[in-house]
Amino acid sequence: MATENPSPSTANEGQEVASSKTPSAMDTTPIQLGQIEVLQILNEHGEVDEGLEPNYTNDELIDMYTSMVRARAFDKRMLTMQRQGRMGTFAPNLGQEACIAGQVYPLLKEDWYAPSYRSFGAQIMRGWPMEHLMRLWAGFHDGFPPPQDVNDMPFSIVIGSHVLPAVGIGMGMTYKNDPNCVVVNYGDGASSQGAVSEALNFAAVYKAPVVFVCENNGWAISTPTEKQASSEHFAKRGVAFDVPSIRVDGNDLFAMIKATEEATTRARNGEGPTLIEAVTYRMSLHTTADDPTVYRKDSEVEAWEKRCPLLRFELYLKSKGVIEQHDIEAIATACDEEVIEARDKFYEMDPADPTEIFDFMHIEMTEELKEQKDEYLKRLSNKGVTDE
Amino acid sequence: MSKLTMVEALNLALAQEMDRDSNVVLMGEDIGVNGGVFRVTKDLQSQFGENRVLDTPLAECGIVGTAVGMAVYGLRPVVEIQFSGFTMQAFDQIEQNMARLNNRTQGKYTVPMVLRTPYGGNIRAVEHHSESREAYWAHTPGLHVVIPSGPRNARALLAAAIRSDEPVIFYEPKAIYRAFREEVPDAPELLEIGKANVVQEGSDITIISYGATLRTCIEAAQDLEEDHNVSADVIDLLSVSPIDTETIATSVQKTGRCLIVNEGQRTCGIAAELIARINETCFEYLEAPIKRITGFDTVFPYFQVEEHFLPECEEIVSTAKSIVAWE
């Protein structure tokens, strides 16, 4: 693990530590922060930058596209279930499908993913069964643990609180000389949390193999980015910490994949963290408990509809002759069917076990918790609730 | 066997555990070359290397948060927060992740880390350097909160905390870091976390304390015995979460009288919790109301007057006498 202290000024390298603080040693050369690159490969009209066009097989392209369609189908079904009273409050990912799919596409199974809560498209790609995610959002404790063979963190509810542990996982990889990396995502709102700045700094100091994906989706519930930060360019945040940073069209799957691939390669090569600002838009609600008509104009949403990540990908696939309209319809139907199948499985799963609330507080239950559990079981028994 | 101060005993525990398990890594501010501001990690960086003794950036939340991730990844981080008053910066990570990840993931990810931090007053320090907020952590579900009272138990408890798969808050009573020496065996020793120690046995009253005030209570118990013909059970709690209710109840059922001493603030403090438990387990045995001598519900005083805030021997003696005399 790299443990070198960051030097306050490169001008003093090789000199005594004390001398770096004397006025005479102050390097008065203006500091160049450099340019932040912006990446777009597939624009909103489905036009591709030929110099950057990736070379995927038709099957790979269809697979990528299907991942986004599946995420959207899941989103839509969850909303219906929630409005029917059969799902808890959840955070739709409508409009962010490319951003979410692109950030996990380059990951290997041994890599780790630490998502925020608006990431279920990515969680599905990482191997979370859809019925498992439904269980999670419907308030079942057993929905929270990642599936046994999936190296993901459970997502974060307190905004930004998952970013530091993600860096710690990366530091653990460095310590154990594992050639893996971590992708962690968070939003424009989370960028205001001190813990996120601390995470960028720790990752930079220890050259942790971490890819920070800041999903700038325009809104933190009702707070627009212009009230969140003085600069709308969140990629700048990395520069101050010496974290290579890039601003990416988050609705462009190719750009997201390319940026993440480069970042994961750097991470695996021991070159440390990268910050990707993914510019996207939260097309739907913050959560199902939210009503965005209170704070934002329909016209703003309509403008972003034209930049839909799925639409531009369809245009591209059609122009390349990879798929035709009837394929698009067939993929949509197939994804709907998958989601309905997951929903039916979810409906048939066991009810929640009210007796388990004590069981995971510690690895070995303390005497005091055993007593409290007995008391609680008596309460359940008095209410006629059977323990399993 | 050598006679060590608590600082030296803690250093020994860290060195032996690092030697035993390469997954044990230390993280904290100024813990490397400097050996920590109290020198608990003295010479460990030169012995084990910079990748195992990390001088971190100055960010308590960052230290604890990244340690959580390292623990999830299979390491055993031992974090030093320079003073317990600075732990407030890390409250977020302790509450959201360190204490909860095991539960959140139903045991898929454990957090086998230790957060060591010096706590308590009487070192003539500036504001925020004298806090005793162990009750916060005892109130937080999912944590173990351990507080040694001398070199030998400090060493054995720290080794046990490092080997534990649970997240442990390890509060070090810095007022007695170097106050006295004790024989500490060379071979590793472990103490079971969650067990109190009956330091001395008596019949008239139970005095319960932990950390630095335990010494004051032992001194008071000697005075009570020698000058006032009162014999006291003295219990060293050693862990404020979990609390060893059984040892306390056994003692109070025998003596029927109890005094609790801790320097943390009174309201919702550890003494309050102990009184509730004694009420639940010993009510019909009690011969007198239980009393407590605690810190007051004020900010810890600026150090010119701190001696008046801390529980003193004389007050313990006189309060114990009044409990014994109560009819």
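**Notes on chain B**

1. In β7(B), F170(B) is the bridge partner of R116(B). Strands β5 (residues 114-119) and β7 (residues 168-173) of chain B pair in the parallel sense over six bridges. Strands pair if DSSP finds at least two bridges between them. Strands (E, at least two residues) and helices (H or I, at least four) are DSSP runs, numbered from the N terminus.

2. This is a predicted model, in which local features need pLDDT of at least 70, side-chain atom pairs count only at pLDDT 80 or more, and totals for chains, interfaces and linings use all residues. Residues are numbered from 1 along each chain as written, chains are lettered from A and ligands numbered from 1 in written order, and side-chain values use heavy atoms, without hydrogens and water.

3. The open sheet has seven strands, with mixed pairing, in the order β3-β2-β4-β5-β7-β6-β12 (chain B). β3 (53-55) and β12 (239-241) of chain B each have a single partner strand, so one side of each lacks a neighbour in the sheet.

4. Chain B is divided into domain 1 (2-184) and domain 2 (197-325); the bounds come from an automatic or database domain assignment. Their C-alpha centres lie 26 Å apart.

5. Contact (heavy atoms within 4.5 Å) links 29 residues of domain 1 of chain B with 24 residues of domain 2 of chain B. Which elements give two or more residues to the domain 1 side? They are α6 (134-138), β6 and α7 of chain B.
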